[in-house]
Amino acid sequence: MLGSSVRASTNHRQHFFFENPSLLSSLRHISSSKSNGNANRHSFTVSYLVNKCGFSLKSALEASKRVHYEIPHKPDSLLSFFKDHGFSENQTLKLTRKCPELLLYNPDKTLLPKLEFLYSKGVSTADVAKIISFYPWILRCSLENQLVPTFDFLKNWFPNDTIVQVFKSTPLVLQLNPVTVKYISQILRDNGVPDKNIVMLVRSHPKTLLLSPKKFNMVLCKVRKMGLDPCKTQFVVAILALTSMSRSTWEKKIDVYRRWGLSHEEILAAFAKSPWFMTLSEEKVVAVMDLFVNKLGWESSFIAKNPTLVSYSLEKRLTPRASVLQFLVSQGLIEKSFRSTTFFIASENKFLQQFINQRAESTQILKLYQEKLNLSR
């Protein structure tokens, strides 16, 4: 029996290398740096990941540092397990590429109870396959110590008919630590944040709740010092913005705005009004400020006082409307000193009605506007 097992293992290796002979030259270095037994196991793992799971050679070599097997029985059983539970081939390959460690798991003992738990909570077979293929790390969580208590904790925040929807849209919530989330939630409540805004934080940005309580407290204190009202949504959004970037990134963005003549106080005031003001890329900030300051001649301080302007799409909103404004000014139809947030933030219908359709030159202006819009498509 042992001899036949060895021959089977050897045949499988030969089969994989025959399917992809380029692997031979790429893996020769393995045998020179490892013992013969380890080299065989390592090379077989790599060839399996490439041929059966669609890994690139580079990613297979990286994954083989964490997963090892000599014969395909165990990984084959995992692939069959997912197929038997409604996963398409594409979904199975997708999840194994994201989390190759799953190929080492005992499917019936370790994975099946977790799938059954999700089924029992009302998640359909199709949705489980979709969720797991998107975020397979859930299967690495302990059922008793993580998934069950976290799901039970979330029931306190969301009605039974929506909790499944929350999980489907943000599967990361099941990896939250109930103790940490409870602590952070209480801190927010003690600081006057309404439950509805805490729910928004849990549902929309669960990664924020993966922070340590100490770091979360530091961010909370910083937001409070900026004078934001805890009762308003901006307070939570400011927390999200600050936790999404490092201190060095924050300072770089401060520098970008300062290059356009804004003071540190003006930048912080703008952030307090619209926290997304500091989450935009440097390229986006430069392009928007260039449009308003250099092309339209507006003061940078006006943008700081109306920071939501920066968040709109350049191609689909700001540039096309700026071209209309430039035309109106050039024709003497609007004063050069004209400053209005409404011009840029108004809905499409309101913008057309108020600034284009009522004018004698409406046909010419509308053509110009639509040409600029078409360039963005």
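Predicted model: local features only at pLDDT ≥ 70, side-chain atom pairs only at ≥ 80, totals over all residues.
1. Helix 19 (residues 314-330) and helix 21 (residues 348-357) pack with their axes 12 Å apart, at an angle of about 10°. Helix 19 and helix 21 are therefore roughly parallel to each other. On the helix 19 side, the contact is made by Arg-321, Val-324 and Leu-328. Helix 21 contributes Glu-348, Phe-351, Phe-355 and Ile-356. Sorted by class, the contact of helix 19 with helix 21 has 5 nonpolar and 2 charged residues, and no polar ones.

2. Helix 21 also packs against helix 22 (residues 362-375): the two axes cross at roughly 140° and come within 10 Å. That angle makes helix 21 oblique to helix 22. From helix 21, the residues in this contact are Glu-348, Phe-351, Leu-352, Ile-356 and Asn-357. They meet Ser-362, Ile-365, Leu-366, Tyr-369 and Leu-373 of helix 22. The contact of helix 21 with helix 22 has 7 nonpolar, 2 polar and 1 charged residues.

3. Helix 5 (residues 73-84) and helix 7 (residues 107-120) have axes 11 Å apart and pack at an angle of about 25°. Helix 5 is therefore roughly parallel to helix 7. The crossing of helix 5 past helix 7 is right-handed.

4. Which residues of helix 5 meet helix 7? They are Ser-77, Leu-78, Phe-81 and Phe-82. Their partners in helix 7 are Pro-107, Asp-108, Leu-111, Leu-112 and Leu-115. By class, the contact of helix 5 with helix 7 divides into 7 nonpolar, 1 polar and 1 charged residues.

5. The largest pocket holds about 290 Å³ of space. Its lining consists of Lys-215, Met-218, Val-219, Lys-222, Leu-242, Thr-243, Met-245, Ser-246, Arg-247 and Trp-250. Helix 13 (213-225), helix 14 (233-243) and helix 15 (247-258) are the elements that give two or more residues to this lining.

6. Which helix gives the most to the lining of the largest pocket? Helix 13 does, with 4 residues. The lining of the largest pocket is made up of 5 nonpolar, 2 polar and 3 charged residues. Among the charged ones are Lys-215, Lys-222 and Arg-247.

How values were computed. Residues numbered from 1 in each chain as written. Heavy atoms only, no water. 1 Å grid on protein atoms, 1.4 Å probe; cavity = no way out; pocket = protein on both sides within 12 Å on 5 of 7 lines; lining within 4 Å. Points joined across faces, edges and corners; volume = space filled by probe spheres on them. Axes fitted to C-alpha atoms, helices over the stretch in contact; angles between N-to-C directions. Parallel < 35°, antiparallel > 145°, perpendicular 65-115°, else oblique. Left-handed = near helix turned anticlockwise from the far one by under 90°. Contact = heavy atoms within 4.5 Å.
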